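We will go from stop to stop, with something to select at each one.

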Amino acid sequence: MNSFAYRRATSSAQALDEVKAPNASFLAGGTNLVDLMKYRVEQPTELVDINHLPLAQVTQTPDGGVSIGALVRNSDLANHELIRTNYPLLSQALLSGASPQLRNMATTGGNLLQRTRCYYFMDVSFAHCNKRQPGSGCDALQGYNRIHAIVGQTDKGPESGETCIATNPSDMNVAMAALEATVEVQSAQGKRSIPFAEFHRLPGSEPQLDTTLRPGELITAVTLPKPRFAKNAFYLKARDRNSYAFALVSVAAGLEMEGGTIRSAGIAMGGVAHKPWRVPEAEAALAGKPADAASFGRAAEVLLRGAHGYEYNQFKVELAKQTIVRALTLASQGTSEIA
Ligand SMILES: Cc1cc2nc3c(=O)[nH]c(=O)nc-3n(C[C@H](O)[C@H](O)[C@H](O)COP(=O)(O)OP(=O)(O)OC[C@H]3O[C@@H](n4cnc5c(N)ncnc54)[C@H](O)[C@@H]3O)c2cc1C
Ligand code: SF4
């Protein structure tokens, strides 16, 4: 680990000022950043600890939605009465992630920004990783790419500076995408709101960038609109072990139902793309249709249009189809009890 200075901020203004130092990073729960520092993937020379900022509240908004402070811990959020009752999809997704100890430390803001688990990104002994070392190429393309992307990836060959087939590993982000969250941020220039669909990026020509957050911006909260999917929601995570494992493929499915007919839907996928994968046409294709296997199969086809895998992850295309249909089926049967 490199040596670094540590500063504790007690106000957003102080945090924004401290983070202007060259090569400074905010420190929230530290469960991702500190790991990456130990691996020498991230080497900040100054850590600005934001844990003492007043950003740990979950509050109702005047329009019937909810505002989640950036420092709300994942376990507190999953178990908050407002979230369990109105946004069970988010509770389910959070509780499927990591371990109880990690969820007790991990924060909403930090989870939004957790970095990919691509093995070649996490291990600096691999020389070619465009995300870690822009322009160096991509060792995953012809390597062991079992956990990698099947949609939205950039693959122009292992030596291209644009190639990246990494996935976003977060469970929380998948539910937030299906729920159409908004990310609230603050900088020295003022505040702005970023719709969730525009927050995470596809690799495009700049795979080193995971999000549209600008340098020095502080995430203050995530807001959710009025709940639509409290009664019919399901987060389904396909993984190698039953617990304490990242998703190979996950699906957040929310349905608004009128009898056996779907009024509207929210669907997003994890483990398949550089960002939570949401295709509004797939949701539109479900509106007004019966909640049956044929409708769900058609939505899966639209969500996975153009999907293709690599040597070790071809299986994900079929797994993704089946996970979408299963998650929608379970959602249509009613929200299950949250553990
Ligand atoms: C063994 C293990 C297993 C895991 N399994 C899962 C899993 O199954 N599913 C899952 O979703 N996650 C999993 N995780 C990841 C875990 O959820 C994340 O590490 C955690 O959510 C990150 O939050 P944090 O508060 O600790 O962030 P930190 O590590 O403190 O920060 C992460 C990044 O966010 C930045 N940051 C933090 N807060 C802000 C803010 N308010 N504004 C601007 N920038 C900010 C930091 O500067 C840093 O760059 C696992 C982690 C481990 C170690
Ligand atoms: S997939 Fe992306 S993160 Fe992984 S080695 Fe290639 S460029 Fe790096």
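The model is predicted, with local features needing pLDDT of at least 70, side-chain atom pairs counting only at pLDDT 80 or more, and totals for chains, interfaces and linings using all residues. Residues are numbered from 1 along each chain as its sequence is written, chains are lettered from A and ligands numbered from 1 in the order in which they are written, and side-chain values use heavy atoms, with hydrogens and water left out.

**Stop one: ligand 2**

Select ligand 2 and the residues around it (those with a heavy atom within 4 Å of it). Of these 13 residues, Cys118, Cys129, Cys138, Cys164 and Ile165 come nearest.

**Stop two: a parallel sheet**

Next, select residues 5-8, 24-27 and 46-49. Strands and helices are DSSP runs numbered from the N terminus (strands E, at least two residues; helices H or I, at least four), and two strands pair if DSSP finds at least two bridges between them. Here you have an open sheet of 3 strands in the order E1-E3-E2, with parallel pairing. Its edge strands, E1 (5-8) and E2 (24-27), each pair on one side only. From one strand to the next the twist averages 25°. E2 and E3 (residues 46-49) are joined by 4 bridges; to find one spot along them, look for Ala24, which stands opposite Glu46 in E3.

**Stop three: strand E8**

Now select residues 218-224, strand E8, where 7 of 7 residues are buried (under 20% relative accessible area, with a 1.4 Å probe and protein chains only).

**Stop four: an antiparallel sheet**

Move on to another open sheet of 3 strands, ordered E9-E10-E11 with antiparallel pairing. E9 and E11 (261-270) are the edge strands, each pairing on one side only, and the twist averages 15° from one strand to the next. In E9 (residues 233-238), 6 of 6 residues are buried. Show the side chains: Ala233, Tyr235 and Lys237 point one way, while Phe234, Leu236 and Ala238 point the other. In a regular strand the side chains alternate between the two faces of the sheet. E9 pairs with E10 (residues 249-258) over 6 bridges; Tyr235 has Ala252 as its bridge partner, and Leu236 has Val251.

**Last stop: helix H5**

Finish by selecting residues 88-95, helix H5, which is mostly covered, with 7 of its 8 residues buried. Those buried residues are Pro88, Leu89, Leu90, Ser91, Gln92, Ala93 and Leu94.

Methods:
Axes are lines fitted to C-alpha atoms, for helices over the stretch in contact, and angles run from 0 to 180 degrees between N-to-C directions. Buried means under 20% relative accessible area, exposed over 50%, partly exposed in between (1.4 Å probe, protein chains only).
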